[in-house]
Number of protein chains: 2
Amino acid sequence: MSIMEMSHRGKEFLSVIQQAEADLRDLLKIPENYEVLFLQGGATTQFSAIPLNLCTSDDTADFIVTGSWGDKAFKEAQKYCKGKVVWTGKAEKYSSIPNQSELNVTVGAKYLHICANETIHGVEYKDYPSTGNDTLLVADMSSNFCSKPVDVSKFGLIYAGAQKNIGPAGVTIVIVRKDLIGKAQPSTPIMMDYKIHSENRSLYNTPPCFAIYMCGLVFGDLLSQGGLEAIERKNVEKAELLYDAIDASEGFYKCPVEKNVRSLMNVPFTMATPEMEAQFIKEASAQGMVQLKGHRSVGGIRASIYNAMPRAGVERLVAHMKAFQARHI
Amino acid sequence: MSIMEMSHRGKEFLSVIQQAEADLRDLLKIPENYEVLFLQGGATTQFSAIPLNLCTSDDTADFIVTGSWGDKAFKEAQKYCKGKVVWTGKAEKYSSIPNQSELNVTVGAKYLHICANETIHGVEYKDYPSTGNDTLLVADMSSNFCSKPVDVSKFGLIYAGAQKNIGPAGVTIVIVRKDLIGKAQPSTPIMMDYKIHSENRSLYNTPPCFAIYMCGLVFGDLLSQGGLEAIERKNVEKAELLYDAIDASEGFYKCPVEKNVRSLMNVPFTMATPEMEAQFIKEASAQGMVQLKGHRSVGGIRASIYNAMPRAGVERLVAHMKAFQARHI
């Protein structure tokens with residue numbers, strides 16, 4: 001019987017989801033006082049669920065906006081609490097992350113929301129902002145989840161859609177401090193109430209069994225590779241190959257992101273003209289390197305080098321970059 | 001590249017979701033003025049989304065409660081509108097469906113909600129209730145979707161979790177009349193707003209690509225089997241085999257459901273004692289027939305004979321029933 005045919009209430013599937021959770025706890029060293037939930041609806045569903053669960057409608061939630069996803073999270077939160085942007089990189093096209101001294105956080109804010117890695121713009125937090133004692137740190141880690149170790153205890157809540165690093169689209173991980181559960185606004189849809197999912201161990205209704213099964217296999221594989229410290233080393237090496245090639249190109253390739261916050265996962269770069277970029281992408285595609293076009297909202301080129309991208313894939317791209325440049329100088 | 005690795009914005013996946021929709025429209029003969037959405041979160045998410053999209057908080061929504069799922073839908077709707085139970089079968093343990101004359105529907109109700117097939121209790125609508133001109137008929141078809149033809153034009157909205165008849169858990173189909181879209185309550189979470197999904201052809205955020213791909217394969221298979229008329233004939237034959245065996249057992253096996261509303265999908269039956277039922281299930285399991293235990297909330301035995309259950313599987317169960325009875329008389 002395949003995983004897709006089993007009852008989600010049978011002991012076979014229970015062992016699948018329990019092992020997946022245990023392995024994720026092991027990978028991220030998740031403290032006992034945090035719940036791990038396997039939910040549906042993507043990070044976008046959490047944009048609503050987080051303020052509904054953590055805030056009253058009178059509470060303030062602060063947002064640092066370092067790209068499109070942080071901006072979407074802010075806009076949705078305004079339906080359910082007083083959302084406030086305390087820093088935005090929009091004016092300089094989301095190429096940096098603020099220092100602590102640049103932040104003007106709201107005293108008494110319920111939480112401060114960040115997007116740990118902006119997929120489209122390629123900016124990634126290396127250190128996380130400090131919040132006051134009463135303010136929780138909340139992070140969307142959809143596009144760098146399980147790419148490196150994280151000190152979970154610094155966060156009130158971490159959430160991540162699976163589809164970048166850990167499994168097929170259709171499951172979202174929420175890691176939330178247990179004392180924050182059970183205070184949802186009365187109008188919270190039942191499927192967005194963390195208490196329901198916590199009490200039912202993510203089995204209140206039929207979960208996305210196949211996607212959870214696949215995530216479990218990936219967690220096991222990451223452990224067997226040496227855990228997230230080892231994964232991070234590989235990711236740093238891959239990213240350095242690419243950024244070094246960009247920086248060594250004497251301006252032929254340009255990465256708009258400030259060096260200290262360049263993403264290990266998404267490497268955006270531009271060339272002199274859109275026509276030259278289109279030619280670069282076309283030639284790459286002919287060599288089997290696909291999906292290098294920048295997000296439709298920003299253009300340019302973007303190499304997404306998630307956990308599953310082997311070093312050899314990055315080396316091949318770097319070779320193409322050098323050869324392409326040599327032909328165009 | 002597998003379906004799970006592709007971008008959901010690429011032309012390959014677009015052709016997958018478009019073909020799935022086209023085949024479903026073909027199967028159910030869905031009129032042009034209905035939208036087909038592929039969403040996440042199961043039918044339970046729709047328990048919230050439907051009143052949020054169709055009602056103002058002052059509107060009344062009527063509910064016929066013929067089992068556990070209808071009851072859950074009613075309870076959730078009360079958060080967002082004036083939910084009213086116009087008939088419930090709870091007192092007689094959900095074994096029947098009301099006639100039109102038994103219904104005391106609310107004049108001006110926005111919609112009348114039914115559960116077309118109650119999975120746990122095995123009661124299934126054969127004819128659908130009439131509503132006044134101003135009242136929409138809304139149906140949860142999670143457990144009998146694509147098991148037989150349906151006149152979609154009678155409904156304002158039909159919804160169904162995929163996991164019974166059409167694909168792996170993790171995708172929910174919503175078929176909604178287009179003129180009903182775009183009136184969601186202001187507090188509706190963005191992922192529950194049909195307008196967002198309609199405008200974005202179910203691709204507002206990353207959809208559950210693999211589950212949609214699988215549904216598409218099933219839709220194609222159902223078409224190649226001769227469409228839903230042919231599927232219904234097979235389902236009727238399978239169900240009759242089982243109900244005939246129950247009714248011919250002279251009370252050894254009893255089905256609590258009134259004959260005219262017995263489900264083609266879920267066949268519940270009981271025996272003289274729980275111990276005898278447990279023995280029956282144990283012996284069936286030894287012969288490779290599993291998951292025959294009734295839902296934990298009602299006990300007894302339940303044979304779920306969805307589209308994918310072949311006639312031979314039902315024949316094998318009937319043979320076990322006859323042999324078991326012969327050994328216990």
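## Lysine 148 of chain A

A polar atom in the side chain of K148(A) lies 3.1 Å from the backbone oxygen of Y125(A). The model is predicted, and local features need pLDDT of at least 70, side-chain atom pairs count only at pLDDT 80 or more, and totals for chains, interfaces and linings use all residues. Residues are numbered from 1 along each chain as its sequence is written, chains are lettered from A and ligands numbered from 1 in the order in which they are written, and side-chain values use heavy atoms, with hydrogens and water left out.

K148(A) also has a polar contact of 3.1 Å with the side chain of E124(A). A polar contact is a pair of N or O atoms within 3.5 Å; within protein, one must be able to donate a hydrogen and the other to accept it, and residues adjacent in sequence count only if both atoms are side-chain atoms. K148(A) is placed in the loop between β7 (136–140) and β8 (157–161) of chain A; helices (H or I, at least four residues) and strands (E, at least two) are DSSP runs, numbered from the N terminus. With a relative accessible area of 8%, K148(A) is buried, a term for values under 20%, whereas exposed means over 50% and partly exposed in between (1.4 Å probe, protein chains only). Leaving aside neighbours within four places in sequence, K148(A) is in contact with E124(A), Y125(A), Y128(A), L228(A) and E232(A), where contact means heavy atoms within 4.5 Å.

## Helix α1 of chain A

Helix α1 covers residues 11–28 of chain A, 18 residues in total, and spans 26 Å from its first C-alpha to its last. This is close to the expected 26 Å at 1.5 Å a residue, the expected span being 1.5 Å times one less than the number of residues. Just after this helix, K29(A) takes a positive phi of about 50 degrees.

The buried residues of α1(A) include F13(A), V16(A), I17(A), A20(A) and L24(A), and also the charged side chains E21(A), D23(A) and R25(A). Among the elements that cover the buried residues of α1(A) are β1 (34–39), β9 (172–177), α5 (209–224) and α6 (227–247) of chain A.

A salt bridge is a side-chain nitrogen of Lys or Arg within 4 Å of a carboxyl oxygen of Asp or Glu. R25(A) and E21(A) are separated by about one helical turn, because they are 4 residues apart in the helix. R25(A) has a relative accessible area of 16%, and E21(A) has one of 12%. A network of salt bridges links E21(A), R25(A) and R201(A).

## Tyrosine 34 of chain A

Y34(A) has its place in strand β1 of chain A and is buried, at 2% relative accessibility. Not counting residues up to four places away in sequence, Y34(A) touches R25(A), V152(A), S153(A), F155(A), G156(A), I175(A), V176(A), R177(A) and K178(A).

The side chain of Y34(A) reaches the backbone oxygen of F155(A) at 2.6 Å. Y34(A) and F155(A) are 121 residues apart in sequence, and their C-alpha atoms are 9.9 Å apart. The backbone oxygen of S153(A) lies 3.4 Å from a polar atom of the Y34(A) side chain.

## Salt bridges in chain B

Over all chains, the structure holds 32 salt bridges. In chain B, E199(B) pairs with K195(B) in one of them, the closest N and O atoms being 3.0 Å apart. Both residues lie in helix α4 (residues 194–199), 4 residues apart, about one turn of the helix. E199(B) is exposed, with a relative accessible area of 53%, and K195(B) is partly exposed, at 38%.

A further salt bridge joins the side chains of R327(B) and E283(B) at 2.3 Å, N to O. This pair links distant parts of the chain, 44 residues apart: R327(B) belongs to helix α8 (residues 311–327) and E283(B) to helix α7 (residues 274–286). E283(B) counts as buried, at 18% relative accessibility.

## The interface of chains A and B

At the interface, 38 residues of chain B are in contact with 38 residues of chain A. The two chains bury about 2800 Å² between them, with 59% of this on carbon and sulfur atoms; buried area is the accessible area (1.4 Å probe) that two parts lose on being put together, summed over both. Across this interface, the rule finds 0 salt bridges, while 12 residue pairs are in polar contact, with both residues at pLDDT 80 or more.

On the side of chain B that touches chain A, α2 (42–54), α3 (68–77) and α5 (209–224) of chain B each supply at least two residues. The largest share, 4 residues, comes from α2(B). By class, this side has 18 nonpolar, 14 polar and 6 charged residues; Ala, Val, Leu, Ile, Met, Phe, Trp, Tyr, Cys and Pro count as nonpolar, Asp, Glu, Lys and Arg as charged, and the others, Gly among them, as polar.
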